[in-house]
Amino acid sequence: MRNKLKKIFSARVWMTILVCICFFFIGLTFFTDVLTKPLQKVVSTVIIPLQKGVNGIGLWLTEKSDLLVSVEELQEENKELRKEIERLEEDNLYMQLYRVELEQLRELYDIDNTYADHKKVGANVIGKSADNWYSTFTIDKGSDDGIEVDMNVIAGNGLVGIVASVSDKYSIVRSIIDDSSNVSAMLINSFDICTVSGDLQLMENGYIALNYLDKDVRIRDGDMIVTSNISEKYLEGILIGYAKDVKVDANNLTQSGYIVPAVDFKHVSDVLVILDKKITVEE
């Protein structure tokens, strides 16, 4: 009996049965959705939401990855832009320095041409007095460059001061705004004599003092004041500044007022030293 069953249910028979069953289900699913409908329902209920979740996570991870790459790229670009800005700022600083230096050289060139009859040597200011103004300052030229005491110093548009002391490599200049400075001056249009005196307190308002001008002299604001022909140490005709608010003194004999200096005594950086000295009576 057992052998008979084995023969009936041999491997070939089972294979045939399975094939028939498969064809049966294939045909069934092809012509009807009776079997696939429950499966589709399971898939739509479980698999599809799960797939959407997985897709959402994938999209989120992709966006974050792209964002991370973008942030890294932006950071790198930011570093490059910062370097470029620093380079441009440095170039701009150099351009400003060159422009200032060029303007100063132009001023020296102009004043050199104004006083072309005198020999001159250029010098840089390398030190100054403790106050806010260049009342006394040091230049980088000395006796080795032909500088001597009492030589006139000019810059900008006019007179700066006079050489007070000299060393081999440097010199000290006392400017006309220093409290100890007195310059014999005159009106350029009338040659009337006056005295220009330094006053650092007065300089806080941008002026130096004009004194001892004869009361009968007609003078107006803006008239040019230059070094006089009778000055002991200053060469004649160097511009000092411009008259302002000149009035008759209480003694009714003289006039006094102010001068707006031709030189910016807060920003002196380059000067010209006139190598020709004033010829005195003794000489």
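Which residues make a nonpolar surface patch of about 290 Å²? Ile 188, Met 224, Tyr 242 and Val 260 do.

This is a predicted model, in which local features need pLDDT of at least 70, side-chain atom pairs count only at pLDDT 80 or more, and totals for chains, interfaces and linings use all residues. Residues are numbered from 1 along each chain as its sequence is written, and side-chain values use heavy atoms, with hydrogens and water left out.

**View 1. Overview of the protein chain.** The chain holds four helices and 12 strands. These are DSSP runs numbered from the N terminus: helices (H or I) have at least four residues, strands (E) at least two. Of the 283 residues, 29% are buried. Buried means under 20% relative accessible area, exposed over 50%, and partly exposed in between (1.4 Å probe, protein chains only). Areas come from the Shrake-Rupley method with a 1.4 Å probe; for residues, only the protein chains shown count as cover. Among contacts (heavy atoms within 4.5 Å) with a separation of 6 or more, 59% join residues 24 or more positions apart.

View 2. Patch residues have over 30% relative accessible area and no salt bridge; nonpolar side chains (Val, Leu, Ile, Met, Phe, Trp, Tyr) are joined within 5 Å, like charges within 9 Å. Val 260 sits in strand E11, residues 254-261. Its relative accessibility is 32%, so Val 260 counts as partly exposed.

**View 3. Salt bridge Lys 169 to Asp 144.** A salt bridge puts a side-chain nitrogen of Lys or Arg within 4 Å of a carboxyl oxygen of Asp or Glu. The count is three. In this one, the closest N and O atoms are 3.0 Å apart. Lys 169 lies in the loop between strands E4 (158-166) and E5 (171-175), and Asp 144 in the loop between E2 (136-139) and E3 (152-155), 25 residues apart. Both residues are exposed.

**View 4. Salt bridge Glu 148 to Lys 277.** The closest N and O atoms are 3.6 Å apart. The pair links the loop between E2 and E3 with the segment after strand E12 (270-274), across 129 residues. Glu 148 is partly exposed because its relative accessible area is 41%. Lys 277 is also partly exposed, at 33%.

**View 5. Salt bridge Lys 233 to Asp 150.** The N to O distance is 3.7 Å. Lys 233 is in the loop between strands E9 (224-227) and E10 (239-248); Asp 150 is in the loop between E2 and E3, 83 residues apart. Lys 233 is partly exposed at 39%, and Asp 150 at 23%.
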